[in-house]
Structures are given as C-alpha cells and as structure tokens.
Amino acid sequence: MKKTDPLENPELDRASLFVLMIPVIGFFPALWTLYRRQGSPERKAISRLAIALAFSWLLGHILLDAGAISAESPTLPMLLMSSLLTTSYFIVALGLMVRLWKRQPLWLPGISRLAEQVVGKHLS
C-alpha cells in the first residue's frame with residue numbers, strides 16, 4: 001500500500017511548477033531541483049526544459065550582444081535580433097505556463113529532446 005503524506009497538496013505542487021517556468025527567475029529553482037535529485041519525474045522534466053530554455057536564451061543573447069559590440073557596421077540589426085530573442089523567450093515561457101494551467105504536456109520540438117539528452121545527462 002502506498003503511503004501518502006497528509007500534508008501533500010497536488011494543487012500546491014502544480015503551483016510550484018509555474019515557478020519553474022518563470023523566465024530567468026525559474027532557472028534557479030529548476031537547477032536546485034535537479035541538483036538535489038528529488039521531485040517527481042514531471043517536475044524533473046519541466047526543470048530540464050526550463051534550464052535548456054534559459055541557457056539557449058542566455059547563449060543567444062551573449063552572442064548577439066558580442067556581435068553588436070564587435071561589428072564595424074551599424075549595430076542596430078544585432079540589437080533588434082537580441083530583443084526579438086528575449087521577447088520570444090518570454091512568450092514561449094508564457095505559452096508553456098498556459099499549457100501547464102490547462103494540464104497539457106509541456107513539450108517543445110527539438111528543445112525538449114535536447115533538454116532530456118544534454119541537461120538530463122549532466123544534472124539528473
């Protein structure tokens with residue numbers, strides 16, 4: 001017989017999953033979840049996805065800013081691409097939060113598989 005914790009609240013656990021999907025800020029609790037190797041498989045998968053999204057945004061942002069600084073041509077196109085990347089990161093995170101609210105699976109083509117393979121290999 002499976003023992004359940006009387007203090008365990010599934011709605012509270014679901015709300016904590018929203019924290020993991022907050023852009024930039026959710027990276028830290030997601031990293032902590034994987035570092036401790038605790039939590040449900042769903043929580044670990046969402047943590048891996050949040051970390052992969054944050055790393056890809058940060059890497060793209062750094063590369064575009066470095067390109068804008070070192071370019072001899074006008075830097076406006078690079079800065080516009082950087083702002084589009086940041087905007088798309090926030091919109092994707094918001095879309096994933098909506099899917100979580102609707103109790104749908106969180107999956108992004110390419111990024112979910114990358115998160116499972118790369119982040120899962122090093123942190124889980």
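Me: Before we start, what do the numbers rest on here?
Reply: The model is predicted, so local features need pLDDT of at least 70 and side-chain atom pairs count only at pLDDT 80 or more, while totals for chains, interfaces and linings use all residues. Residues are numbered from 1 along each chain as its sequence is written, and side-chain values use heavy atoms, with hydrogens and water left out.

Me: How many helices and strands are there in the protein?
Reply: Helices (H or I, at least four residues) and strands (E, at least two) are DSSP runs, numbered from the N terminus. Here you get 5 helices and 0 strands, in the order α-α-α-α-α from the N terminus on.

Me: What share of the residues counts as buried?
Reply: Buried means under 20% relative accessible area, exposed over 50%, and partly exposed in between (1.4 Å probe, protein chains only). Of the 124 residues of the protein, 31% count as buried.

Me: Which residues touch the most other members of the largest nonpolar core?
Reply: In soluble globular proteins, nonpolar side chains tend to be buried together. A nonpolar core is a set of buried Ala, Val, Leu, Ile, Met, Phe, Trp, Tyr and Cys residues joined through side-chain atoms within 4.5 Å. The largest one has 19 residues, and Met21, Ile46, Leu49, Leu53, Leu96 and Leu106 touch the most other members. H1, H2, helix H3 (41-70) and helix H4 (76-101) each supply at least two residues of this core, with the largest share, 7 residues, coming from H3.

Me: And what does Met21 touch?
Reply: Contact means heavy atoms within 4.5 Å. Leaving out residues up to four places away in sequence, Met21 touches Ile46, Ala50, Leu53, Ala93, Leu96, Met97 and Leu106.

Me: Which residues of H2 are buried?
Reply: Phe27, Ala30, Thr33 and Leu34 are. They sit on the same side of H2, because they cover an arc of only 125 degrees around the axis; that arc is taken from the directions from the helix axis to the C-beta atoms. Phe28 and Tyr35 are exposed on the other side of H2. After H2 comes Arg37, with a positive phi near 60 degrees.

Me: Where does Ile25 lie, and is Ile25 buried or exposed?
Reply: Look at the loop between helix H1 (10-20) and helix H2 (27-36). Ile25 counts as exposed because its relative accessibility is 56%.
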